[in-house]
Amino acid sequence: MQQNKYSQEHQQFLKCVKRKKIYIWTIRILLLLLFFALWEIAADRRWIDPFISSQPSKMWNTVISLHQDGSLYRHIGITIGETVIGFLSGTILGTFIAVLLWWSDFLSKILDPYLVVLNSLPKVALGPVIIVWAGAGYSAILTMALLVSLFTTIIGVYSGLKEVDKEKIILVKTFGGNKKQILQKVVLPASFPTIMNALKINVGLSWIGVIMGEFLVSKAGLGYLITYGSQIFDLDLVMTSVIILAAAAAIMYIAVAYLEKRVLKHRN
């Protein structure tokens with residue numbers, strides 16, 4: 001009897017949680033719609049200059065035009081493909097190097113100041129050098145995306161690895177565990193939240209790197225559309241590309257957050 005009562009209370013709690021999530025998503029969508037509605041009204045009534053700021057109706061017409069000539073999905077696909085490659089390569093390589101630094105204290109002490117300097121260096125300043133080294137094509141864009149996210153990943157993940165509870169490590173050593181077992185059984189599992197945060201941060205950094213690269217060398221992609229639109233003073237094209245870019249980045253972030261949720265659920 002007590003078990004049934006607890007089960008009903010638990011179901012009520014889950015319903016409340018689900019209802020709260022629905023409310024939150026509803027308010028988010030309404031705020032977004034309100035933003036675009038106010039933007040449209042402000043442009044129609046000339047509270048803002050529609051030539052400079054564009055307006056939702058003009059951006060929608062631009063999307064239709066790009067859809068009809070078949071270039072919309074090509075530009076979106078190219079940018080998303082570059083971003084995913086840069087995101088995965090930066091995360092995997094950065095995490096691997098962070099593990100190496102944790103493994104070798106001697107190596108970490110040597111490379112630490114260089115990592116700080118390289119992380120603080122504006123990557124756009126390396127643009128001309130990257131173009132010379134990697135060529136004026138997709139390789140330069142991917143290199144830019146990798147550099148933007150790589151050092152942040154290394155520093156973030158390495159800091160998480162070092163902050164693992166020392167008592168747990170000592171306990172495993174007491175039972176005869178070697179360094180590989182400590183890494184596998186203690187350090188990596190305890191650093192999972194840090195690695196997932198690095199993934200979330202890399203979503204934004206990868207988009208930044210790809211768009212920076214497309215600004216410099218690309219002949220296709222959302223960054224190219226933004227550059228081309230600004231050159232011919234087609235602000236409708238510029239704002240449309242920016243909105244599509246924001247939507248794509250948001251979807252990618254949601255996908256990473258969903259992955260984190262599924263992995264945490266599996267671990268639990």
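**Figure 1. The largest pocket, with a volume of about 700 Å³.** In this predicted model, local features need pLDDT of at least 70 and side-chain atom pairs count only at pLDDT 80 or more, whereas totals for chains, interfaces and linings use all residues. Residues are numbered from 1 along each chain as its sequence is written, and side-chain values use heavy atoms, with hydrogens and water left out. A pocket is defined on a 1 Å grid over the protein atoms alone as an open set of points with protein on both sides within 12 Å along at least five of seven lines, and its lining residues have an atom within 4 Å of a point. Grid points are joined across faces, edges and corners, and the volume is the space filled by probe spheres set on the points. Of the 15 residues that line this pocket, Trp25, Arg28, Ala250, Ile251 and Ile254 are the closest to its centre. Helix H1 (2–44) and H12 each supply at least two lining residues, and the largest share, nine residues, comes from H12; helices here are DSSP runs (H or I, at least four residues) numbered from the N terminus. By class, the lining has 12 nonpolar, no polar and three charged residues, where Ala, Val, Leu, Ile, Met, Phe, Trp, Tyr, Cys and Pro count as nonpolar, Asp, Glu, Lys and Arg as charged, and the others, Gly among them, as polar.

**Figure 2. The second largest pocket, which holds about 230 Å³ of space.** Its lining is made by Leu101, Trp102, Asp105, Tyr158, Lys162, Lys166, Ile169, Lys173, Lys179 and Ile182. Five of the lining residues are nonpolar and five are charged, with no polar residue present.

**Figure 3. The salt bridge between Asp105 and Lys109.** The structure holds one salt bridge, a term that requires a side-chain nitrogen of Lys or Arg within 4 Å of a carboxyl oxygen of Asp or Glu. The side chains of Asp105 and Lys109 meet here at 3.3 Å, N to O. Both residues lie in helix H5 (residues 105–120), four residues apart, which is about one turn of the helix. Asp105 is partly exposed, with a relative accessible area of 44%, while Lys109 is exposed, at 61%; buried means under 20% relative accessible area, exposed over 50%, and partly exposed in between, with a 1.4 Å probe and protein chains only.

**Figure 4. The largest nonpolar core, a set of 30 residues.** A nonpolar core is a set of buried Ala, Val, Leu, Ile, Met, Phe, Trp, Tyr and Cys residues joined through side-chain atoms within 4.5 Å. Within this core, Trp102, Phe151, Ile154, Val157, Leu161, Ile169 and Val187 touch the most other members. Helix H4 (72–103), helix H7 (138–162), helix H9 (179–190) and helix H10 (192–217) each supply at least two residues of the core, and H7 provides the largest share, 12 residues. A second, separate core of 18 residues includes Leu72, Phe192, Leu225 and Leu245.

**Figure 5. Surroundings of Val157 and Thr95, which are in contact with each other.** Not counting residues up to four places away in sequence, Val157 touches Thr95, Ala98, Thr194, Ile195 and Ala198, where contact means heavy atoms within 4.5 Å. Thr95 lies in helix H4 and is buried, with a relative accessible area of 16%; under the sequence exclusion of up to four places, Thr95 touches Thr153 and Val157. Gly156 has its place in helix H7 and is partly exposed, with a relative accessible area of 31%. The C-alpha atoms of Gly156 and Ala98 are separated by 8.4 Å, although these residues are 58 residues apart along the chain.

**Figure 6. The largest cavity, with a volume of about 40 Å³.** The structure holds one cavity of 30 Å³ or more, a cavity being a set of grid points where a 1.4 Å probe fits but cannot get out. Gly127, Ile130, Ile131, Ala140, Ile141, Met144, Gly213, Leu216 and Val217 line the largest cavity. Helix H6 (127–134), H7 and H10 are the elements that give two or more residues to this lining, which comprises seven nonpolar, two polar and no charged residues.
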